[in-house]
Amino acid sequence: MEGAGVQIPVDESYLEYDYDADDASFTSCYWGSELSCKRGRTLATTITQYRYENGRRYHAFRDGEYYQPNDEKQSDYEMIVHHLWLLSLDDKLFLAPLNNPQRILDVGTGTGVWAADIADIFPDSEIIGTDLSPTQTAMAPPNIRFEIDDCNSEWVYPEDSFDFVHMRSLSGCVSDWPELYRQCYKHIKPGGYLQHCEFGVKVINNEPSPQTARADEMYKLFTELVLQTGDMINKSFSVDQRMPELIKDAGFVDIVDSKPIWPIGAWSSDERLKEVGKWNQRSWLDGLESWVLALFTRQLGWSAAQVRNWVEEMRRVVLDRNCHFYHEVRCVVARKPLDGEVVPPEPAPSAS
């Protein structure tokens, strides 16, 4: 189910729905897995001289360039988000029509769980995952390597060297999106693919009513403040609104654009959306502090206590079963044309 303004069917029994959003037991299948982000790497000391701030740990390389922590709590949260994307893409790691790819790049790999999973699918491929933090799983397959790098810098890989470039959840991390897409285009082989999946920060009320007025205010404030702080650091949180056009401008063709819906809570009567909503509510509960703590203290001048009080109020909204809110995410897949391929022009818009 896709599209802004879509009316999502509501489960009328949601008020008595039997699960506890504060109980993490339903996610235990991930926490106990071999991908639970054990550490075991030797790196230059400066890379691991992390910033410790307001009780959370942040990256050292290019200190301050990324707004979310890189501690164990964040690693657990990233596993939830990984599962959410799998639910949204019908249990697929990728939507591009890959055929025996030789080299794959995962930009902003985080814990490396996506890269490790695709390395299992393509054991003969070379997988590279890049990130500002050396916090990737030590249980990765032998055909993967992780590199400390900043995607905003000039890429050092050979041109036309990747069959597939994957990017996910980079909003608020990129200072020049057209340039990043140009880098992708430059380093993808002719005929290779780009996949970019991103979240949107605009939250939509499925059933506005006087009873949800306070929640409306809180979600709107969340959106406004996140967009504002993104502008302040020159790293937009609204790239999801422009992805297809920017990717097209970089030279890609055969663009496929999908916009799955993520309910906040298991309130939909649609079984798939109910499952997505359950996990997304957990994502909000576990991720809210990570999303805003550095942004609001560094950019808005809030104290850590003010941020955490605000986060607790937001969590009460997220847990309110009278509220039926959702937001969109976006996944765009595109192909780099073959050498000499003639790309037909788009038809001119018809006169109204």
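**Reading burial, contacts and packing**

Trainee: In which strand is Val329 found?

Mentor: Val329 belongs to strand E10 (residues 325–335). Helices (H or I, at least four residues) and strands (E, at least two) are DSSP runs, numbered from the N terminus. The chain has 8 helices and 10 strands. Residues are numbered from 1 along each chain as its sequence is written, and side-chain values use heavy atoms, with hydrogens and water left out. This is a predicted model: local features need pLDDT of at least 70, side-chain atom pairs count only at pLDDT 80 or more, and totals for chains, interfaces and linings use all residues.

Trainee: Is Val329 buried or exposed?

Mentor: Buried means under 20% relative accessible area, exposed over 50%, and partly exposed in between (1.4 Å probe, protein chains only). Val329 has a relative accessibility of 2%, so Val329 is buried. Of the chain's 352 residues, 55% count as buried.

Trainee: Which residues is Val329 in contact with, leaving aside its neighbours within four places in sequence?

Mentor: Contact means heavy atoms within 4.5 Å. With those neighbours set aside, Val329 is in contact with Trp85, Glu198, Phe199, Gly200, Ser258, Lys259, Pro260 and Trp262. Val329 and Ile261 are 68 residues apart along the chain, and their C-alpha atoms are separated by 6.3 Å. For the chain, take the contacts with a separation of 6 or more: 75% of them are between residues 24 or more positions apart.

Trainee: Where does Glu65 lie, and is it buried or partly exposed?

Mentor: Glu65 lies in the loop between strand E2 (56–58) and helix H2 (72–88). Its relative accessibility is 33%, so Glu65 counts as partly exposed. Leaving aside neighbours within four places in sequence, Glu65 is in contact with His59, Leu132 and Lys235. The C-alpha atoms of Glu65 and Ile233 are 8.9 Å apart, although these two residues are 168 residues apart along the chain.

Trainee: Helix H4 holds both Pro178 and His187. How do I read these two?

Mentor: Helix H4 covers residues 177–187. His187 has a relative accessibility of 1% and therefore counts as buried. Pro178, with a relative accessible area of 30%, is partly exposed. The C-alpha atoms of Pro178 and Asp249, 71 residues apart along the chain, are separated by 7.9 Å. Not counting residues up to four places away in sequence, His187 touches Trp155, Tyr157, Pro158, Glu159, Asp160, Ser161 and Phe162.

Trainee: How many aromatic pairs are there?

Mentor: Rings of Phe, Tyr and Trp (its six-membered ring) pair if their centres lie within 6.5 Å; planes under 30 degrees apart count as stacked, over 60 as edge-to-face and the rest as tilted. By this rule there are 19 aromatic pairs. In one of them, Trp155 and Tyr157, the ring centres are 6.5 Å apart and the planes are at 85°, so the pair is edge-to-face. Trp155 is buried at 6% relative accessible area, and Tyr157 is buried at 9%. Tyr219 and Trp284 also form an edge-to-face pair, with 5.6 Å from centre to centre and 90° between the planes. That pair links distant parts of the chain: Tyr219 is in helix H5 and Trp284 in helix H7 (residues 271–299), 65 residues apart. Both Tyr219 and Trp284 are buried. Ring pairs join Tyr77, Tyr219, Phe222, Trp284, Trp291 and Phe325 into a cluster.

Trainee: At what angle do the axes of H5 and H8 cross?

Mentor: Axes are lines fitted to C-alpha atoms, for helices over the stretch in contact, and angles run from 0 to 180 degrees between N-to-C directions. Angles under 35 degrees count as roughly parallel, over 145 as roughly antiparallel, 65 to 115 as roughly perpendicular and the rest as oblique. The axes of H5 (residues 213–232) and H8 (residues 304–319) come within 10 Å and cross at roughly 130°; H5 and H8 are therefore oblique to each other. In H5, Arg214, Ala215, Met218, Tyr219, Leu221 and Phe222 meet Trp310, Glu313, Met314, Val317 and Val318 of H8.

Trainee: And how do H7 and H8 lie?

Mentor: The axes of H7 and H8 come within 10 Å and cross at roughly 155°, and the two helices are therefore roughly antiparallel. Residues of H7 in this contact include Trp284, Leu288 and Phe296, and those of H8 include Trp310, Val311 and Met314.
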